[in-house]
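I opened this model to see how its parts pack together, and I kept these notes as I went from one item to the next.

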Amino acid sequence: MNDAEKHLKIRQSVHKNQDRIDQNHFPGLSVIEINPTELCNRVCSFCPRSDPEVYPNLNLNMSLETAQTLLSQLLDYNYQGSIVFSGFGEPTLNPKILDLLKMFSKHFDVGMVTNGDRFTKGYYSVDQLSECNLYSLIIDA
């Protein structure tokens, strides 16, 4: 068994769409990262956001309409991998993040990478997050 076959076997065993995974649709593409906002509440030295002249916060957020278009396209193309909400912004700063997570998790394994600040400050609860059916949650503090 070569590496590609091993990777496919792993994906088939762990992803919720395991019965539909096949090499002919998006071969090798197993994770799509969605940046739902470009806002961030931190200034980390390793990030382009550390210099507001290079990457200023402009309060741009993915809308539910844009998300629905993307979701429809992924379903039309029979995408079988995972979706991760992350990027060069803090996903929880998008006011619709819970709706976005729920929307995509109905069809895909969905994860999120967050700094966790909005959870510790009471904006979101564990119960709200559990309703999103996340496959993974990475808190990178």
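I began with Phe 88, which is partly exposed, with a relative accessible area of 44%. I kept in mind that the model is predicted.

Next I looked up the ring that partners Phe 88, and found that it forms an aromatic pair with Tyr 55, edge-to-face, at 6.2 Å centre to centre and with 65 degrees between the planes. Tyr 55 lies in the loop between strand 1 and helix 2, while Phe 88 lies in the loop between strand 2 and helix 3, so the pair ties together parts that are 33 residues apart in sequence. Tyr 55 is also partly exposed, with a relative accessible area of 24%. I noted too that the charged end of Arg 49 sits over the ring of Tyr 55, 3.8 Å from its centre.

Which residues of strand 1 make up its covered face, and which its uncovered one? I found Ile 32 and Ile 34 on the covered face, with Val 31 and Glu 33 on the uncovered one.

My next entry is on helix 3, residues 97-105, where 7 of the 9 residues are buried, so the helix is largely enclosed by the rest of the structure. Among the buried ones are Ile 97, Leu 101 and Phe 104. I looked for what covers them, and the list includes strand 1, helix 2, strand 2, strand 3 and helix 5.

I followed this into the largest nonpolar core, which has 21 residues, and in which Ile 83, Phe 85, Ile 97, Phe 104 and Phe 108 touch the most other members. Helix 3 gives the most to this core, with 6 residues. For Ile 97 I left aside its neighbours within four places in sequence, and its contacts are then Pro 36, Phe 85, Pro 91, Thr 92, Met 112 and Tyr 124.

Tyr 124 was my last stop, and at 11% relative accessibility it counts as buried, the cut-off being under 20%.

Key: Residues are numbered from 1 along each chain as its sequence is written. This is a predicted model: local features need pLDDT of at least 70, side-chain atom pairs count only at pLDDT 80 or more; totals for chains, interfaces and linings use all residues. Side-chain values use heavy atoms; hydrogens and water are left out. Buried means under 20% relative accessible area, exposed over 50%, partly exposed in between (1.4 Å probe, protein chains only). Helices (H or I, at least four residues) and strands (E, at least two) are DSSP runs, numbered from the N terminus. Contact means heavy atoms within 4.5 Å. A nonpolar core is a set of buried Ala, Val, Leu, Ile, Met, Phe, Trp, Tyr and Cys residues joined through side-chain atoms within 4.5 Å. Rings of Phe, Tyr and Trp (its six-membered ring) pair if their centres lie within 6.5 Å; planes under 30 degrees apart count as stacked, over 60 as edge-to-face and the rest as tilted. A charge sits over a ring if NZ of Lys or CZ of Arg is within 6 Å of the ring centre and within 35 degrees of the ring normal.
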